[in-house]
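Me: I would like to go through this model step by step. Could you show it first?

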Amino acid sequence: MSQRFRTAAGGRIDRARPLGFSFDGRGMEGFAGDTLASALLANGVHLVGRSFKYHRPRGILAAGSEEPNALVEIDRGAGRRTPNLRATQVELHDGLVARSQNRWPSLAFDAGAVSDRLAPLLPTGFYYKTFLWPPRAWARLYEPLIRRAAGLGRAPDTADPDRYVQCYAHCDVLVIGAGPAGLAAARAAAGSGARVIVCDEGAEFGGSLLAEERARIGGVPAAEWLRDTLARLEAAPETVLLARTTAFGYYAQNMVGLIERVTDHLAAPDPALPRERLWQVRAREVIVAAGSIERPLVFPGNDRPGIMLAGAVQSYVVRYGVRPGRRAVVAAEGDSAYRAALALHAAGVEVAMVADLRDAAEGALPQMARDAGIPVRSGATIVGTAGRLRVRSVTIGFSGGRERVAADLLCMGGGWTPSLHLYSQARGRPRHDPTIGFVPRTPVPGLTCVGACRGVFGLAEMLADGAQAGAAAAMRAGFAASGESWAVEDAPSCECAPPRAPGPGSGRAFVDFQNDVTAKDLRLATREGFRSIEHVKRYTTTGMATDQGKTSNVNALGIVAQAVAAPVEAVGLTTFRPPYTPVSFGALAGVARGALFDPVRTTAIHGWAAAQGALFEDVGAWKRARCFPRAGEDMHVAVARECRTVRETVGLFDASTLGKIEVVGRDAAVFLERMYVNALANLAPGRCRYAVLLGESGFVRDDGIVGRLSADRFHVTTGTGNAALVLGLMEDYSQTEWPELQVWLTSVTEQWAVIAVQGPRAREAIAPLVEDVDLSRQALPHMSVRSCQVCGVAARLFAVSFTGEIGFEINVGADHGLAVWEQVWERVQGLGGAVYGTEAMHVLRAEKGYVIVGQETDGTVTIDDLGLGWAIGRKKQDFVGKRSLSRPDLAAAGRRQLVGLALDDASRLPEEGMQVTAAAQDRTAIGHVTSAYGSGTVGRAVVMALVADGRARMGEIVFVQMTAGAMAARVCDPVLVDPEGARLHG
Amino acid sequence: MDDRVRGALDGVAPIEAAGVTVSVTPRFDRAVLRGDAAAFGVGLPDQVGSVAERDAGAVLCLGPDEWLALAIPGGAVLRVAGAGAAVDVGHRQTALDITGRLAAALLNAGCPLDLHVTAFPPGSCTRTVCGKAEIVLWRRAAERFHVEVARSYAAYLWAFLAENARGLR
């Protein structure tokens with residue numbers, strides 16, 4: 001019969017909605033409201049996985065996110081296979097496909113379990129001690145073997161087809177955890193009108209109230225109080241409730257990362273919905289109501305399937321209507337475990353014994369257990385367990401001897417550890433309370449811990465604590481709030497068990513279930529000299545698994561403290577780090593993948609270029625047309641043709657990405673004079689100047705054209721990749737150094753489409769399109785600018801060249817760019833011209849010896865190194881970087897200077913960055929290649945290089961260290977085409 | 001040649017999703033105004049982050065000496081008398097109109113600011129980011145935002161908003 005371990009009635013599951021699912025291929029049934037873990041238990045399945053190191057059979061330990069054992073793979077189809085999900089958090093849906101992990105060939109018979117037999121050979125840190133010899137075997141044999149054996153689960157092997165989104169949110173009060181304390185806080189805060197976000201990692205709000213069957217709050221059953229509270233919160237207009245949402249990280253100034261699992265629990269989710277949503281919440285006040293995690297007991301054989309946390313058992317019985325066994329033993333170190341015993345008893349499970357580890361069991365709950373007829377024995381010790389794939393019996397020691405009790409369920413109640421993860425991430429420093437364990441000590445501004453996570457246990461106390469803190473947080477955020485209070489009945493107080501170190505026993509007592517670390521391993525580490533808890537942690541890997549030691553850290557700490565004979569508070573806690581539970585990479589990436597990975601900037605002419613079959617290259621975020629191959633042409637042929645056309649007739653080029661800054665104001669000329677090395681104050685309106693910008697260090701930062709439009713208005717260009725840097729630099733000087741200047745800077749990079757027309761017939765090409773401007777070389781000489789109309793729209797026409805040919809750059813409003821381009825193209829085409837791309841532009845400028853900042857320069861190149869010293873205004877008192885130019889090392893001999901290199905073999909092309917040496921065999925470079933292109937015009941490679949004392953080496957032979965060996969090259973002038981500039985001014 | 005004007009997002013159909021609609025606004029003039037408010041022929045708001053609506057247009061105060069004038073006929077706004085600068089940026093940016101109950105939620109997919117109506121009420125403006133694009137944001141009404149984005153980032157922002165509009169909550 002299906003679900004034979006289901007109780008007859010009760011629980012929060014919907015018995016009218018059965019759901020089919022499979023585990024390791026076996027079909028089973030559960031109910032809506034189940035987790036995978038509760039549904040498996042309802043079907044009598046405890047064995048769900050194999051452990052990491054020893055491949056020991058493991059079962060379900062917990063009922064929440066702290067689960068260390070029950071890690072499963074969920075398969076939602078191609079690309080949607082997710083490993084290492086906690087079965088205790090996976091919500092059941094119809095058709096769910098789950099598989100166990102870390103076993104082969106099957107869960108019940110796992111070949112890897114041989115490592116369990118080899119355990120004596122695999123002590124803690126064995127990988128530091130073995131595999132040392134022979135040395136070469138590490139890479140070839142040991143590492144591949146270990147890599148295959150190690151790791152949990154299978155990584156997905158295809159792209160994730162799901163969507164993930166992110167959002168930012170702000171609120172007055174963020175409540176993390178919707179148990180009794182969190183809900184009381186949320187109720188108080190929401191009632192004040194504050195903006196409240198409440199999140200909880202579970203599918204349902206309520207926390208421990210979901211497994212509460214007895215208590216009454218404010219005169220009504222707890223479940224009814226919960227219903228009423230949720231209804232109020234849902235009705236509060238400024239309150240957002242996020243179920244299935246984990247607060248995984250606390251970041252500076254109350255920025256909290258939340259991960260909302262939107263669709264995993266749905267059998268057929270709406271395809272419009274993202275799988276997960278990552279929230280970045282900025283909260284005025286954060287209330288952490290993270291609850292507490294029950295500690296397992298450390299005794300030999302404590303890891304067999306069927307050995308569970310007592311609180312989890314209570315939850316499975318009460319919330320999910322599941323009987324996790326037929327005959328139970330409850331090992332109690334505090335009163336709370338009795339609640340599990342009572343719940344089991346009420347559900348018809350035989351409770352063979354409550355073995356209380358304390359000397360006496362006197363509280364209200366032990367009495368209730370006795371009254372119910374449950375045998376209670378105090379002064380007990382769990383000596384060991386038996387059973388292979390499921391616990392079969394428990395051996396319990398008493399002062400008078402041992403008793404072996406047959407049981408298929410052993411509940412461990414080792415006390416509760418406050419969840420300090422977020423508090424600790426927020427830089428809170430805990431203190432050690434002898435009765436509770438670690439609790440918050442130092443205040444964190446804007447963050448309040450409430451309820452069990454700060455050591456406040458007991459339903460009435462938690463509600464009061466939450467209500468008070470919620471009201472206080474709302475008031476600090478500026479709202480009038482008051483906390484409610486409720487009378488709580490029938491919630492017997494639990495004597496809290498202080499954490500204590502387990503006694504030494506024989507056999508393996510597991511502390512960290514996920515990383516298979518035993519008490520013995522920890523003691524061994526301390527014997528080997530590890531005393532700091534941080535070192536013990538790293539050496540033994542305790543607490544370093546994907547669960548980050550939620551169930552193990554405090555136990556490990558107790559064992560280490562005992563072993564080194566130090567108080568627990570002196571040993572200290574290890575650091576908690578985000579994420580609280582694993583976060584998928586998809587959620588962290590959000591929509592920033594594929595086309596949205598990074599913005600792709602395109603010009604107004606991009607579509608035209610694409611239609612012409614252009615090949616594009618990335619320049620910063622821009623896409624620039626690299627060349628325009630015609631049918632049958634490869635890039636090499638196309639670039640050669642484009643270059644030839646520009647030299648012989650005319651070429652058309654999209655220079656829109658050029659950075660542009662409009663510098664306006666009465667003092668604009670003074671400002672530019674101070675920024676650039678050049679003399680610019682005397683630049684006449686209508687004229688342009690090539691200008692170089694240095695940093696404070698004296699090194700070249702940028703170059704461009706400064707065009708003066710009128711007395712108080714300049715149009716300045718920068719390199720494509722430098723636009724933001726130059727504007728920022730200029731703003732910095734304008735605002736902080738020279739605030740007295742009346743000058744304002746505006747980026748106009750995107751305002752203007754720039755259509756460059758270059759070549760001997762450039763003037764002829766544009767003449768019919770330009771209105772009211774005399775284009776003759778006398779009226780509009782090289783380095784001039786005019787505001788005019790081109791093709792009937794407002795334009796700024798520059799007579800400038802980056803090719804060495806007659807050149808014009810037509811600036812028109814970007815929205816007009818394409819239309820003007822098309823008209824210019826018609827003219828250029830009519831003259832036999834061509835459109836060219838950035839590759840030809842590079843070749844043409846290199847033939848002419850024009851530098852590109854960022855290519856010829858690397859941040860350590862001076863203006864003199866580039867041979868551009870002539871640009872410096874000699875009479876200028878100052879400009880940015882001037883003082884640095886007199887630094888001895890900037891003026892010293894031996895600096896690398898820009899030269900051309902003529903390679904012996906005209907057919908060879910060096911690569912940029914190749915080293916240059918004085919002799920073929922030299923190992924010390926005297927320079928490096930900065931640019932190298934094949935050039936049809938020159939008939940050999942055009943090579944620019946920075947070479948030590950290069951200008952004094954003209955005619956010398958140096959060697960370029962090519963991949964195939966050294967290649968001789970003659971040092972020459974970098975200007976190879978039209979050194980006199982006759983073509984430029986033609 | 002107005003019939004041959006091409007905006008960065010010409011021809012795209014509005015993004016219509018549950019609770020939010022995004023559309024491209026018709027073209028209008030823009031200018032950056034810098035300097036003393038008194039230097040300009042148009043009355044300028046003096047509170048940083050505030051907007052003064054002028055007929056069909058608006059002036060956004062983005063800094064103590066910085067304004068963005070939207071849809072104010074160019075002649076008037078570009079006239080400067082005194083310590084100030086006006087620069088035509090009509091083609092530099094593209095504008096989007098985002099309306100609907102989830103308009104703020106859509107922007108918050110990529111904008112880290114608090115866009116609650118009490119924190120960023122109608123008539124507010126600011127320079128901020130959305131995803132990896134810089135934007136200027138002006139809240140025209142509780143459920144209506146005007147977004148200015150640099151021309152070359154418009155396609156990215158559009159795709160970003162379209163992707164995030166799906167399944168918005």
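**A sheet in chain B**

Reply: This is a predicted model. In chain B, an open sheet of 5 strands runs in the order E4-E5-E6-E3-E7, with antiparallel pairing.

Me: Which strands stand at the edges?

Reply: The edges are formed by strand E4 (51-54) and strand E7 (84-88) of chain B. Each has a single partner strand, so one side of each is left without a neighbour in the sheet.

Me: And by how many degrees are neighbouring strands of this sheet turned against each other on average?

Reply: The average is 20°, with direction ignored.

Me: Over how many bridges do E5 and E6 of chain B pair?

Reply: Strand E5 (residues 57-63) and strand E6 (residues 66-70) of chain B pair over 5 bridges, in the antiparallel sense. As one case, B:Cys61 has B:Trp67 in E6(B) as its bridge partner.

Me: Turning to the contact, how many residues does it take from chain A and from chain B?

Reply: Chain A contributes 38 residues and chain B contributes 36 residues.

Me: Which element gives the most to the side of chain A that touches chain B?

Reply: That is E8(A), with 6 residues. Strand E8 (164-176), strand E35 (659-664), strand E39 (744-747) and helix H22 (814-830) of chain A each supply at least two residues of that side.

Me: How do the residues of that side divide?

Reply: On the side of chain A that touches chain B, 21 are nonpolar, 10 polar and 7 charged.

Me: Last topic: how far apart do the C-alpha centres of domain 3 and domain 6 of chain A lie?

Reply: These centres lie 84 Å apart. The domain assignment places domain 3 at 296-414 and domain 6 at 893-986 of chain A.

Key
Residues numbered from 1 in each chain as written. Chains lettered and ligands numbered in written order. Predicted model: local features only at pLDDT ≥ 70, side-chain atom pairs only at ≥ 80, totals over all residues. Contact = placed C-beta atoms within 7 Å. Helix = DSSP H or I, 4+ residues; strand = E, 2+ residues; numbered from the N terminus. Nonpolar A, V, L, I, M, F, W, Y, C, P; charged D, E, K, R; others polar. Domains from an automatic or database assignment. Pairing = 2+ DSSP bridges. Axes fitted to C-alpha atoms, helices over the stretch in contact; angles between N-to-C directions.
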